[in-house]
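These are my notes from a first look through the structure below. I wrote them down in the order in which I looked things up.

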Amino acid sequence: LDLMTNYTSSRRWPWPSDDRATFDAFVTRAEAIFQMRELKAPGVLLYFWDNARVSFDPFTATMYRQMMVLPTSITAAGGDFERQRIDKNLTYIDHANNFQRIAGDYTANSEHDRTRGQPIETLLLTMTASGRQATIAGIFDRSDNTTNRVDSHVTFIAPLYRLGEARITANLYGFVATSLSIEDVNVFLAESRATPNSEAFAADASGYLYGSSIL
């Protein structure tokens, strides 16, 4: 999360819906983070506060999926989020075949992919104290239909702010979300020679303390 929050706060970015180069820069950054995480589930998700969205997540054993939600210009809409048209584009990347990109579905006027004014907006604000802090959003299970395996993940969400802007709701640029596999936590604790009922703690760059234990 720090890689994305620091990237966002490095300059006064225009809105992705107003500037395609900005949108593409964040797409590239998100994909790099996803690859750094060894293409692990459930991926990396970016919600921008102008209704744009980017996500990367595993699709098959040799392929991952890129989803881009790019609305029409928020400035051209006079700042009215309801006047934006929402288009969605899916792409599949075959990482076992030199990262070949395969076009997926394109959906115009995809209203259910709108962020602002929808329940997802309320949820993101509620989980992060109106965008003032990073948070652990909870634990969820993800099933693999191929292996019939169910993996549990801890989800983390952090608000995004641009350079020089106070961390208040009115200045929100968006949110970044990713997850950590509980199995990875267990492996880390086992390799650290943690004994039953011991705990491990770490602080992120914002000073938030995270803890885990082995039973």
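How many cavities of 30 Å³ or more does the structure hold? I found one. I keep in mind that this is a predicted model.

**Entry 1: the cavity.** I looked up the volume of the largest cavity and got about 40 Å³. I then listed its lining: Leu1, Leu3, Met4, Ile33, Val44, Val176 and Thr178. The elements that give two or more residues to this lining are α1 and β8. I sorted the lining residues by type and noted six nonpolar, one polar and no charged.

**Entry 2: the largest core.** Next I turned to the nonpolar cores. Which residues touch the most other members of the largest one? They are Met4, Phe26, Leu46 and Val54, in a core of 36 residues. I wrote down the elements that each give two or more residues to this core: α1 (2–8), α2 (20–36), β1, β2, β3 (63–71), α3, β7 (149–160) and β8 (174–181). The largest share comes from α2, with seven residues. A second, separate core has six residues, and I noted Met63, Val69, Ile86 and Tyr92 among them.

**Entry 3: the strands around β4.** I looked up what β4 pairs with. Nine bridges join β3 to β4, and the two run antiparallel. Within this pairing I noted that Met67 stands opposite Leu90 in β4. On to β5: six bridges join β4 (residues 86–94) to β5 (residues 100–107), again an antiparallel pair. Here I recorded two bridge partners in β5, Ile102 for Tyr92 and Tyr106 for Asn89. β4 and β5 form a hairpin with five residues between them. In the turn, Asn98 has a positive phi of about 60°.

Is β4 enclosed or open to the outside? I counted it as largely enclosed by the rest of the structure, because eight of its nine residues are buried.

**Entry 4: positive phi in loops.** Asn51 has a phi near 85° and sits in the loop between β1 (44–48) and β2 (53–58). Ala129 has a phi near 55° and sits in the loop between α3 (119–127) and β6 (135–144). Are these two residues buried or partly exposed? Asn51 counts as buried, because its relative accessibility is 0%. Ala129 is partly exposed, with a relative accessible area of 24%.

**Entry 5: Thr115.** Last, I looked at a residue in the loop between β5 and α3, Thr115. Thr115 counts as buried because its relative accessibility is 0%. What does Thr115 touch? Beyond four places in sequence, I listed Tyr47, Trp49, Asn51, Arg53, Ile120 and Glu121.

Definitions and conventions:
Residues are numbered from 1 along each chain as its sequence is written. This is a predicted model: local features need pLDDT of at least 70, side-chain atom pairs count only at pLDDT 80 or more; totals for chains, interfaces and linings use all residues. Side-chain values use heavy atoms; hydrogens and water are left out. Two strands pair if DSSP finds at least two bridges between them. Helices (H or I, at least four residues) and strands (E, at least two) are DSSP runs, numbered from the N terminus. Buried means under 20% relative accessible area, exposed over 50%, partly exposed in between (1.4 Å probe, protein chains only). A nonpolar core is a set of buried Ala, Val, Leu, Ile, Met, Phe, Trp, Tyr and Cys residues joined through side-chain atoms within 4.5 Å. On a 1 Å grid over the protein atoms alone, a cavity is a set of points where a 1.4 Å probe fits but cannot get out, and a pocket is an open set with protein on both sides within 12 Å along at least five of seven lines; lining residues have an atom within 4 Å of a point. Grid points are joined across faces, edges and corners, and a volume is the space filled by probe spheres set on the points. Ala, Val, Leu, Ile, Met, Phe, Trp, Tyr, Cys and Pro count as nonpolar, Asp, Glu, Lys and Arg as charged, and the others, Gly among them, as polar. Contact means heavy atoms within 4.5 Å.
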